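Have the structure open while reading.

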Amino acid sequence: MQALARLSPEVRQYLIVTGNYWAFTLTDGALRMLVVLHFHALGYSPLQIAALFLFYEVFGVITNLVGGYLGARLGLNRTMNLGLAMQVVALLMLTVPAPWLTVAWVMGAQALSGIAKDLNKMSAKSSIKLLVPDSQQGTLYKWVAILTGSKNALKGVGFFLGGLLLTLLGFAGAVLAMAAVLAVIWLSSLVLLRKDLGKAKAKPKFKDILSKSPAINVLSAARLFLFGARDVWFVIALPVYLSTVFGWNFWMVGGFLACWVIGYGIVQSIAPAITGKRSGKVPDGRAAFIWAALLAALPAAIAVGLTGNASPQWVLIGGLLLFGALFAVNSSLHSYLIVSYAKEDGVSLDVGFYYMSNAMGRLIGTLLSGWVFQAYGLQACLWVSSLFVLLAALISLRLPRHAH
């Protein structure tokens, strides 16, 4: 505590925000794995399990749009704490006796968890804008990259945590333990997080939830297609393919995807070094286009490789690792650009609108992943992924560039 007291107020707030985000992310990743494993053991098919997360994604779209408005009016400390409290309630909803765990009940709990997750993420990303001066764009890029990358790495750790807790405590015991720990984090945040963080000086009107910034609108459109490109083959098609075609058991699939997410998060954290921050450069619209263009051909190349004579396991796994590295850089660039573009007064309005597009991309990708894979197979999902990334790259051509 003494070491924390010696830090500047901005750094202390950043650490509190990051700690909240980390704790939430661990429970979010663990809860997803708990639900998947538990309902898989009950005999649910992969597509039925995916349906349990449908409201999680749908309410993410709504929450990001409305949450930015609430953050600007009420303050980001309140929206972050509200997200933590809602996640505790969502976890407690799943501690009911087994006969009560109907599909509708679980979907309701997942909807609440989806709202909580996006309130928490929007608050965390918006807060950084207020803690770093506009003149220190390199520092802003580094802090955003660390927050974004660590979140995804911890989500992968959460996958392992969910499996471990399920083995040791059972479903209800695991969920109850997570709820208890997160409740302590929430109570601490109520005391420590700054009360006026992110509260707009002028009360925004509800119509202000739609961004008036051309740069943010363009970046949001690119983000929609970028995340749709990932989820159109990653969410349902890839796990089912690994299980049914490669014959991997569920633990092999879950463990591999958890490692992928951790590696993806690590690359996100070091993205500033990859994209040239050491030479004094911070990314702009040109960088967003170049990195998206590099990614665009990769899913199509994997699809072609799967139809050739090469080992499909090597093609898919190698391609997935390369896709994860390139996608992580693209995601980190976008995360920095939205915080950089957002206006400081009422920052959560711009960030919330942007992450609404992110959630919409995930929702579209999830739905297409189930439908395209079931109708046409994994290769078709990969071709759709390449098309989506290409659209994201072309849209990025309209983003602002640095003046030289």
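A cavity is a set of points on a 1 Å grid over the protein atoms alone where a 1.4 Å probe fits but cannot get out. A pocket is an open set with protein on both sides within 12 Å along at least five of seven lines, and lining residues have an atom within 4 Å of a point. Grid points are joined across faces, edges and corners, and a volume is the space filled by probe spheres set on the points.

The model is predicted: local features need pLDDT of at least 70, side-chain atom pairs count only at pLDDT 80 or more, and totals for chains, interfaces and linings use all residues. Residues are numbered from 1 along each chain as its sequence is written, and side-chain values use heavy atoms, without hydrogens and water.

How many cavities of 30 Å³ or more does a search of the whole structure find? The search finds one. The largest cavity holds about 30 Å³ of space, and its lining consists of Asp 28, Leu 31, Arg 32, Phe 53, Tyr 56, Gln 110 and Ser 113. Two elements, helix 2 (9–41) and helix 6 (103–131), each give two or more residues to this lining; helices are DSSP runs (H or I, at least four residues), numbered from the N terminus. Helix 2 gives the most, with three residues.

The largest pocket has a volume of about 1,000 Å³. It is lined by 45 residues, and the closest to its centre are Arg 32, Phe 159, Phe 234, Val 235 and Leu 257.
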